[in-house]
Amino acid sequence: MYRVVLVDDEPLTFIGMRNIFNWSEYGFEIIAQTTNPYEAIEIIVNQKPDVVFVDVRMPEISGLELIKRVRELGLDTEFVIVSGVAEFTYAQEALRHGAFDYCLKPVKIDKENLLLRRLSSHLKNKKMNRDFGIFEELVEEKTTISQYMEYAGVQSLHKFFQAIVVVYETPCEYKELKLQDEILFLCLSPH
């Protein structure tokens with residue numbers, strides 16, 4: 001499941017967003033929501049969500065400023081701007097800061113579920129590319145499994161690790177794999 005954080009200064013927006021989007025159908029789970037942009041930054045830093053839906057106009061820190069601050073921290077979170085303002089300069093700046101999309105309130109079910117489908121596909125490809133890059137670094141000995149686990153935030157008291165690389169012909173075979181103990185999987189493709 002892709003982890004989602006909702007940020008909007010209007011609490012009623014959360015009710016609408018929770019009900020209009022078909023989150024679980026497209027593999028999304030809302031892990032937090034807040035009306036406070038400072039709290040949002042803290043949640044994003046600590047929880048590292050896959051995507052943040054954020055209002056563009058909020059008191060103190062705008063959605064655009066929030067994106068900018070998160071980008072400066074080096075986090076690879078996707079952002080979707082949800083705004084009641086159809087102003088080109090906001091959309092342009094959001095895209096300049098790397099926002100995935102800009103959608104208008106009131107949210108329309110058909111358009112927004114298309115957005116979730118596109119976002120899900122984007123996140124899946126992004127993860128596959130990242131996992132393949134990690135795999136290449138491990139194979140070429142540019143990094144170690146210990147270093148990768150530390151970077152990924154996986155705590156382990158073990159000094160030595162064992163890696164098993166398995167290539168499957170069909171996705172069904174992957175599901176049949178049964179291993180014990182602590183395991184870290186890197187799925188390099190849907191097959």
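Reader: What share of the chain's contacts with a separation of 6 or more comes from residues 24 or more positions apart?
Author: This model is predicted: local features need pLDDT of at least 70 and side-chain atom pairs count only at pLDDT 80 or more, while totals for chains, interfaces and linings use all residues. Residues are numbered from 1 along each chain as its sequence is written, and side-chain values use heavy atoms, with hydrogens and water left out. A contact means heavy atoms within 4.5 Å, and among contacts with a separation of 6 or more, the share from residues 24 or more positions apart is 63%.

Reader: In what order do the strands of the open sheet lie?
Author: Helices (H or I, at least four residues) and strands (E, at least two) are DSSP runs, numbered from the N terminus, and two strands pair if DSSP finds at least two bridges between them. The chain has 7 helices and 5 strands. The edge strands, S2 (28-34) and S5 (101-104), each pair on one side only, and the open sheet, with its parallel pairing, has the order S2-S1-S3-S4-S5.

Reader: Which residue in S4 is the bridge partner of valine 54?
Author: Strand S3, residues 51-55, pairs in the parallel sense with strand S4, residues 78-83, over 5 bridges. In S4, the partner of valine 54 is isoleucine 81.

Reader: At about what angle to S2 does helix H2 run?
Author: Axes are lines fitted to C-alpha atoms, for helices over the stretch in contact, and angles run from 0 to 180 degrees between N-to-C directions. Helix H2, residues 37-47, lies across S1, S2, S3 and S4, and its angle to S2 is about 140 degrees.

Reader: Which residue caps the N-terminal end of H2?
Author: Just after H2, lysine 48 takes a positive phi of about 45 degrees. At the N-terminal end of H2, a side-chain oxygen lies 2.8 Å from the backbone nitrogen of tyrosine 38, and the residue that provides this cap is asparagine 36.

Conventions: A polar contact is a pair of N or O atoms within 3.5 Å; within protein, one must be able to donate a hydrogen and the other to accept it, and residues adjacent in sequence count only if both atoms are side-chain atoms.
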